[in-house]
Amino acid sequence: MTDQTENSTSQLVFPEITKSHKAPYLSHISLILLTHLGEWVPGLSKILFHNSGLTSLRSLNFEERPTLIPLPLPKEKFGVTETLIQGLEIFDQKSSSYDQNGSTGFLTVWHLREAYLNAKTTPLKVAEDLLQKIEIAHNSTQSYTSLGGFHIYDREDILKQAEASATRYAQRKSLGPLDGIPIGIKDEIDVKGYETRVGTSFINLGHKAQRDAFVVERLREHGAIILGKTNMHEFGLDITGNNPVAITPRNPYNQKHYCGGSSGGSAAIVAAGLSPIAIGCDGGGSIRLPSAFCGIYGLKPTCGRVSSRGIYPLCWSVGSTGPMAASVDDLALAYYVMAGKDPEDTNTYFQPSPSLYGFYMTNTLSDLRIGIFPAWNYQVKDSEISAALEEFKNAFQLRGAEFIEIDIRELEQARVGHLISIGSEVNSSMKRFKKEMHKISYPNRATHLVLDHITASVSTDLVFFQAQQVRTRVMEHLMSIFSDVNLILTPSSGITAPYIHPYALRHGELNSSVTADAMRFVSLANFTGIPAISVPAGYDAKGLPIGLQFIAKWYDEATLLRAAKVSEEILGSRRRKPSESRWFGDWL
């Protein structure tokens, strides 16, 4: 374990585990100028690449084989086993659990389900009322008043789905707890009849998806009402959700702050009460960071746990599709419906059966061993985040959980390896659109110039190859850690929701210092394929939500969801909705 000392103010002092990135904030004229210079001045983008820190692996030597997709194979080596299978039946006796948990006013699946079953309302009436709320939330053209959660929705299609659901309830042929539940889908995921624009102004323009993505198919099979597409960061290439070529979602807790990215629109509609569940994709915290910034629950499943068929190929080795929800029960429900094998996605073949075993075992946690790495956890910009983590740690201990200090080696190399991997993969997608580069926002054009040198380096100094060797090395180290602990507890982010600079809405921005601080704790799970979950843990002095993250071994989403359920009980009545002007969830 890293040595630790106390200074004169009794504050713990630790060495820097993952590097902070110091760079000037760029927006408006400075950003536009840098982008054009990079595009026209030979050698400038190469200088920017070398200053990015992405070449730091060059001086290191690795003997491990490269891992291109972080699947835990062979399963026996990584401790992957079948567990006791428990599925949707666990909710049958627990439909009233929301009266005791921390949903505190957020509309949930089970509120709707009870109303439908008791004929207090119908899915059609709910859809009509909800559409009015969506229009109110999105009817303003002013920068700081429109929620900006939805990219596009089809009113007639929503009503048609709702009418079919209402008929099923009237005939007592409901398809289960998701029947009649409105769900938003990130604009990275195919929904039949919609263009998948990936946050851009031109991809798939005029070309609607002819088939639902696998996850959308699963949701429809259970009767969910697909509301349409939610806004996202262009190409998913940052953590704020800023999108000058489309719409930038605003944080329901403070409209002058970001929702996070890249699944910001999904987080916005859940936090604002427009949908109890939304679906996001997570290649570098893109589910967990918006969930943390907006005070909701977000799950990044294990690599290969949820099919990627019908997901736009942005970052195939680090990305996962998962649910975001206002309550843990809703999160678990959506996860269980989405997870499982898909004959058309070979990465899903190796998984054990999904299970929700132990979900309601929250009173006694004596079977849980939770790892913490203090030197890493204290790399936050806000002491209130550290205080929230300590409070939750103490509450888990009171229920019997044992905490063990661990040392996660080579986190900095893993951070760089992740950036190289996701950067090269997203850049490969962007390279297809050289003729449309002028339609891409200035921040992403500038980022593309830097990322181009990663893919160019594959044939020269093997930086990409080294990153995959690091992946193997870190996965094997995590395998050792998870032989001793069930979970790892960290902050979700080193900061709370970033402030929106006025110029950034029009021109975009590059703020790599904020990006590095936000991503500090999330990229490990993407790089190594392990599952992770973000849970609300309170609020900072500005009233912005704080998130904590639990990480588990491959395919152990059940333990993550159990920890989230405990966390929901710990926060309890202290959890609060956004202010009345930013809350639209009173449509039931």
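**View 1. Salt bridge between Arg574 and Glu391.** In this predicted model, the side chains of Arg574 and Glu391 form a salt bridge with an N to O distance of 2.6 Å; a salt bridge is defined as a side-chain nitrogen of Lys or Arg within 4 Å of a carboxyl oxygen of Asp or Glu. The two partners belong to distant parts of the chain, 183 residues apart: Arg574 is in the segment after α18, and Glu391 is in helix α11 (residues 383-398). Helices (H or I, at least four residues) and strands (E, at least two) are DSSP runs, numbered from the N terminus. Arg574 is partly exposed, because its relative accessible area is 41%, and Glu391 is partly exposed at 32%. Here, buried means under 20% relative accessible area, exposed over 50%, and partly exposed in between (1.4 Å probe, protein chains only).

Residues are numbered from 1 along each chain as its sequence is written, and side-chain values use heavy atoms, with hydrogens and water left out. As the model is predicted, local features need pLDDT of at least 70 and side-chain atom pairs count only at pLDDT 80 or more, whereas totals for chains, interfaces and linings use all residues.

**View 2. Salt bridge between Glu557 and Arg305.** The side chains of Glu557 and Arg305 meet at 3.3 Å, N to O. This pair links parts of the chain that are 252 residues apart, with Glu557 in helix α18 (residues 557-571) and Arg305 in the loop between β10 (297-300) and β11 (320-325). Glu557 counts as buried because its relative accessible area is 0%; Arg305, at 1%, is also buried.

**View 3. Salt bridge between Glu344 and Arg211.** The N to O distance in the salt bridge between the side chains of Glu344 and Arg211 is 2.6 Å. Glu344 is in the loop between α9 (328-338) and β12 (369-372), and Arg211 is in the loop between β5 (182-186) and α6, so the pair ties together parts 133 residues apart in sequence. Glu344 is partly exposed at 48% relative accessibility, and Arg211 is partly exposed at 39%.

View 4. Helix α5 (residues 155-170) has 16 residues, which at 1.5 Å a residue should span 22 Å; its end C-alpha atoms are 22 Å apart, in agreement. The expected span is 1.5 Å times one less than the number of residues. Among the buried residues of α5 are Ile158, Leu159 and Tyr169. The buried residues of α5 pack against α3 (109-117), α4 (123-138), α6 (214-221) and β6 (225-230). At the start of α5, a side-chain oxygen of Asp154 comes within 3.1 Å of the backbone nitrogen of Glu156. Just after α5, Arg172 has a positive phi of about 55°.

**View 5. Surroundings of Glu64.** Glu64 is located in the loop between α2 and α3. Apart from residues up to four places away in sequence, Glu64 touches Gln469, Thr472, Arg473 and Glu476, where contact means heavy atoms within 4.5 Å. The side chains of Glu64 and Arg473 make a polar contact at 3.1 Å. A polar contact is a pair of N or O atoms within 3.5 Å; within protein, one must be able to donate a hydrogen and the other to accept it, and residues adjacent in sequence count only if both atoms are side-chain atoms.

**View 6. Surroundings of Ser45.** Ser45 belongs to helix α2 (residues 44-51). Ser45 counts as buried because its relative accessibility is 13%. Leaving aside neighbours within four places in sequence, Ser45 is in contact with Gly38, Leu449 and His453.
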